[in-house]
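The entries are in the order in which I made them.

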Amino acid sequence: MKRALLASAAFLAFASPSHAKEGMYTPDQLPEIAEDLQATGLELDPQSLTDLTSFPMGAVISLGGCTASFVSPEGLVVTNHHCARGSVQYNSTEEKNYLEDGFLAATKGEELKAAPGSRVYVTVDVKDVTDTITSDLGDLTGKARYDAIALSEKELIAECEAEGPFRCQVGAFFGGMQYKLIKRLEIRDVRLVYAPGDNIGKYGGDIDNWMWPRHTGDFSFYRAYVGPDGKPADYSEDNIPFQPEHYLKVSAGGLEEGDFVMAAGYPGSTNRYERLKEVEYVFDWYYPTWVETRQDWIDTIIDTAPEGSDMRIKYESRLAGLNNYVKNRAGQLEGARRVGLKDLRAEREAALDAWIAEDDSRAAYGEAIAQLDALTEQSDDANKKRFWYAGATTPALLDAAQRLYRLSVEQEKPDAERESGYQERDLTFIRQRLEALDRRYDPTVDKAEWMLFLEKYMAAPEAYRVAALDEALGLGETFNEEEISAKLDAYYAGTTLGDTETRVGLIDADKAELEALDDPFMQLAIALFETEMAMEAEAKERAGQMGELRSSYMEAIIGWQKSNGVTTYPDANSTLRVTYGTVMGGSPKDGLIYTPFTSLEGITEKDSGVEPFNAPQAQLDLIEEQAYGEYALESLGSVPVNFLSDLDSTGGNSGSPTLNGKGELVGLLFDGTLESVNADWHFDPKTTRTIHVDSRYMLWVMEKVSGADNLIEEMTIVSE
């Protein structure tokens with residue numbers, strides 16, 4: 001956990017191994033902090049953690065948005081319930097509502113196909129490719145620079161993926177100062193094995209989300225399958241379980257307060273290096289506007305789709321995501337106010353300016369930073385326009401039409417020249433996304449959403465209106481509900497894109513065929529295409545300019561930090577990171593104490609029998625009987641459910657294996673406290689706490705409540 005940094009270093013929100021546990025370290029950085037890792041409690045050799053193909057890093061995998069890990073030699077994968085919930089929802093109907101009842105495959109033959117597009121990614125190699133990408137940039141700037149970098153990335157990816165069944169990516173670090181090529185084995189046959197019902201896996205629901213104390217069984221299991229030859233393959237009944245080189249042992253002995261914990265995962269993004277200009281835009285306009293519009297979106301879905309209906313089931317995943325982020329963004333706003341984020345940024349920038357002024361050779365940094373701030377203002381204004389436009393073009397079938405038409409345009413080019421996302425390597429994802437729409441779309445709800453966002457779009461300042469959209473929809477100056485509703489009815493009545501076979505069949509259509517299609521959503525997509533391409537080009541121009549300037553800014557940050565004895569770690573960018581610390585509670589505000597563990601009895605205390613506090617009766621009976629089995633924590637006098645740590649984490653870390661000093665699984669990282677969410681922008685050692693589901697509770701539920709003995713037997717369970 002981060003301790004106070006003195007002098008100008010106090011303005012840094014970055015980790016120094018001699019002072020703090022803050023930091024989302026890349027594996028190759030771990031030897032630099034080896035002494036502190038071992039002093040904190042790591043029993044493994046820190047050097048071994050740099051080898052992504054050895055234990056335990058070889059067991060850590062990405063699901064593309066969440067993290068997971070192998071826990072058996074037969075490809076059994078454990079992750080958070082909320083990470084697998086989309087697959088549970090996809091397989092649910094009113095007759096078989098697995099969201100409500102849970103799902104357990106007693107045999108491998110009963111396992112269900114995960115939602116289309118589900119993947120397991122196993123990182124097998126990371127290589128620095130900075131010179132390859134930056135050596136030929138010369139004086140290129142703006143869109144030319146952006147395009148040159150994109151072309152180099154595509155060439156590296158194509159070369160990497162030609163070596164086998166890999167899904168490769170290039171990650172940018174330190175604002176584009178460094179680039180790494182990441183090679184990942186792509187496993188395409190993923191199946192749902194076990195997920196408790198929402199009354200365990202989502203116990204407490206949105207009320208308890210981001211809160212402590214917490215009593216959520218946020219865990220589920222997938223299995224990874226490959227072809228009979230052991231290589232990744234599409235789904236087939238002939239496929240066999242993947243055999244990972246490494247998998248984690250699961251601890252039934254667990255943890256005590258103060259014990260070492262470490263998490264390896266794929267955190268999505270943090271903004272700890274953002275300048276004050278961006279902080280002002282985000283916290284003065286973007287987050288407040290986002291929270292208001294998304295809350296209205298939630299209300300619209302709830303009002304339109306009756307609870308328990310197939311209509312509601314289709315939108316459960318969207319509702320969960322919206323509720324999660326509304327609460328998160330509200331917490332971010334409060335956190336920024338509490339810590340004085342704007343003042344902290346201003347102080348940090350003043351200290352950086354003073355360091356630059358100390359040496360004339362650093363003057364170029366100051367010039368680049370001034371240009372970066374000016375460009376940020378331009379970008380933020382463009383983002384406001386894009387925000388309202390994105391809402392006004394929100395219909396699911398319009399998105400499908402836009403994707404199909406863009407694909408037809410891109411397919412006229414050689415594959416290497418196509419926009420990323422529309423190359424041959426992306427066709428399977430496009431197909432699966434179009435297929436998945438069948439279980440995530442209802443025209444009544446979709447129209448209600450579109451009506452909501454068109455009203456907001458038309459109420460926004462005139463400068464943010466888009467002429468092509470206004471003309472295509474025939475929008476006037478003000479929103480007329482009856483008139484707009486009639487216009488939209490014609491779209492839903494006249495489209496054939498709601499039919500899965502028709503929609504998916506258009507993947508192979510060329511541009512002329514789509515332009516001749518008498519479908520209102522396709523014609524709207526075509527009418528907006530040139531405007532969207534112009535907006536995209538402008539965004540690339542800004543991105544190219546900002547990338548060049550941000551590299552100079554980050555070079556200054558790194559030099560300044562080094563002069564203060566501070567080690568720089570990069571902002572999160574969905575690449576593999578390691579964070580470590582200890583099990584500990586806290587006191588985020590006066591008079592409020594967070595204990596490090598919650599227990600089974602807390603479930604009973606909260607339970608009202610009404611969702612989301614509606615634990616299964618069988619579970620409540622077991623708690624009343626104190627049927628703890630071997631999973632009780634003596635100091636707690638019960639089975640621990642969730643625990644707190646001071647680990648540094650963010651979105652994307654969901655499902656990250658929480659490991660003890662031996663590298664054994666002691667839990668799954670699944671959330672942070674509400675006071676912690678502002679750590680995306682500023683790490684506050686007093687309030688930043690991460691929430692984990694305890695492995696002892698996972699095993700207790702599996703054995704006592706769900707009867708998942710087959711999975712317990714498959715895993716290696718250790719007690720010490």
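The entries below go from the whole chain to single residues.

**Basis.** I am working with a predicted model, in which local features need pLDDT of at least 70, side-chain atom pairs count only at pLDDT 80 or more, and totals for chains, interfaces and linings use all residues. Residues are numbered from 1 along each chain as its sequence is written, and side-chain values use heavy atoms, with hydrogens and water left out.

**Secondary structure.** I looked up the element count and found 23 helices and 22 strands. Both are DSSP runs numbered from the N terminus: helices are H or I with at least four residues, strands are E with at least two.

**Dimensions.** The C-alpha trace spans about 70 × 70 × 55 Å along the principal axes.

Of the 720 residues, 58% are buried (under 20% relative accessible area; exposed is over 50%, partly exposed in between; 1.4 Å probe, protein chains only). For contacts (heavy atoms within 4.5 Å) with a separation of 6 or more, I noted that 77% join residues 24 or more positions apart.

**Surface and charge.** The protein exposes about 28,400 Å², and carbon and sulfur atoms supply 47% of that area. The method is Shrake-Rupley with a 1.4 Å probe. I also looked up the charges: 68 are positive and 125 negative, with mean positions 2 Å apart. Lys and Arg count as positive, Asp and Glu as negative, and His and the chain ends are not counted.

**Cis peptide bonds.** Most residues other than glycine have a negative phi, and most peptide bonds are trans. I found the bond from F55 to P56 to be cis, with omega near 0°; P56 lies in the loop between α1 (34–40) and β1 (60–62). The bond from E611 to P612 is also cis, with omega near 10°, and P612 is in the loop between α20 (600–606) and α21 (617–624).

**Positive phi.** F174, not a glycine, has a positive phi of about 55°. I placed F174 in the loop between β7 (169–173) and β8 (178–187). F174 counts as buried because its relative accessibility is 15%. Q626, also not a glycine, has a positive phi of about 55° and is found in the loop between α21 and β18 (640–645). At 52% relative accessibility, Q626 counts as exposed.

Terms used
Charge placed at Lys NZ, Arg CZ, Asp CG, Glu CD.
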